[in-house]
Amino acid sequence: IQWPDSFTGQLQQRCQLSLAYHLFYQGNKDRAFEVASKVDSKSLEPEWEEKRRYILGRSYQYQNDFDKAESFYRLPSPPTTEYGIRCQHQVAFRYCLDRSDFGKAAQLLEDILSRSYSFKTNLHESRLLLSTCQIRLGRYEEAQAPLIQLIQRRHEKIHSHKEATAGRAL
């Protein structure tokens with residue numbers, strides 16, 4: 001990619017990661033992998049490094065190289081961005097799916113859900129996976145709370161959408 005001369009250093013790295021993310025979710029996974037692989041991780045701020053690790057992890061996952069994917073998903077410190085949370089969720093998912101280690105998966109997911117974040121994030125998948133792990137562990141009472149939260153939040157979202165739609169119709 002030929003960036004303008006004014007795009008140097010971290011700005012260029014950020015643009016590459018944003019492009020890689022866009023390419024990945026547009027279905028061009030090979031090109032996304034190629035672009036993200038060229039980003040120098042040493043020059044990135046931690047939040048951008050989490051995005052890089054997420055993109056590369058997802059790319060390896062789609063290539064069916066799950067061990068390599070997990071090596072990117074494993075963060076050296078607790079997540080600080082939505083991408084970091086997604087990385088940790090994917091590690092928990094692998095514990096659940098590949099290893100049937102529902103206890104370890106539940107532990108990772110509880111860690112994700114117990115933290116407060118300074119940014120808006122969607123934790124629905126983590127709540128659902130946690131409930132699944134708790135059911136597999138026979139902890140049925142504990143499995144209820146995350147499921148009830150999901151249902152309530154979904155109901156609130158639907159209800160507020162209906163109110164907004166009705167308000168615009170008036």
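Student: How does α2 pass α3, left-handed or right-handed?

Tutor: α2 passes α3 in a left-handed crossing. Left-handed means the near helix is turned anticlockwise from the far one by less than a right angle; clockwise would be right-handed. This is a predicted model: local features need pLDDT of at least 70, side-chain atom pairs count only at pLDDT 80 or more, and totals for chains, interfaces and linings use all residues. Residues are numbered from 1 along each chain as its sequence is written, and side-chain values use heavy atoms, with hydrogens and water left out.

Student: Which residues make the contact?

Tutor: From α2, Lys-29, Phe-33, Ala-36 and Ser-37. From α3, Arg-52, Ile-55, Leu-56, Ser-59, Tyr-60 and Tyr-62. Contact means heavy atoms within 4.5 Å.

Student: How do they divide into nonpolar, polar and charged?

Tutor: Six nonpolar, two polar and two charged. Ala, Val, Leu, Ile, Met, Phe, Trp, Tyr, Cys and Pro count as nonpolar, Asp, Glu, Lys and Arg as charged, and the others, Gly among them, as polar.

Student: At what angle do these helices pack?

Tutor: About 140° between α2 (residues 29-37) and α3 (residues 46-62), with the axes 9 Å apart. That makes α2 oblique to α3. Under 35 degrees is roughly parallel, over 145 roughly antiparallel, 65 to 115 roughly perpendicular, and the rest oblique. Axes are lines fitted to C-alpha atoms, for helices over the stretch in contact, and angles run from 0 to 180 degrees between N-to-C directions.

Student: Switching topic. How many helices and strands?

Tutor: Eight helices and zero strands. Both are DSSP runs, numbered from the N terminus: helices are H or I with at least four residues, strands E with at least two.

Student: And what's in the largest nonpolar core?

Tutor: The core has 36 residues. Leu-17, Tyr-73, Cys-96, Ala-105, Leu-109, Ile-112 and Cys-133 touch the most other members. A core is a set of buried Ala, Val, Leu, Ile, Met, Phe, Trp, Tyr and Cys residues joined through side-chain atoms within 4.5 Å. Buried means under 20% relative accessible area, exposed over 50%, partly exposed in between (1.4 Å probe, protein chains only).

Student: Which helix gives the most to this core?

Tutor: α5, with seven residues.

Student: What does Leu-109 touch?

Tutor: His-89, Ala-92, Ser-126, Leu-129, Leu-130 and Cys-133, not counting residues up to four places away in sequence.

Student: How much of the chain is buried?

Tutor: 38% of the 170 residues.
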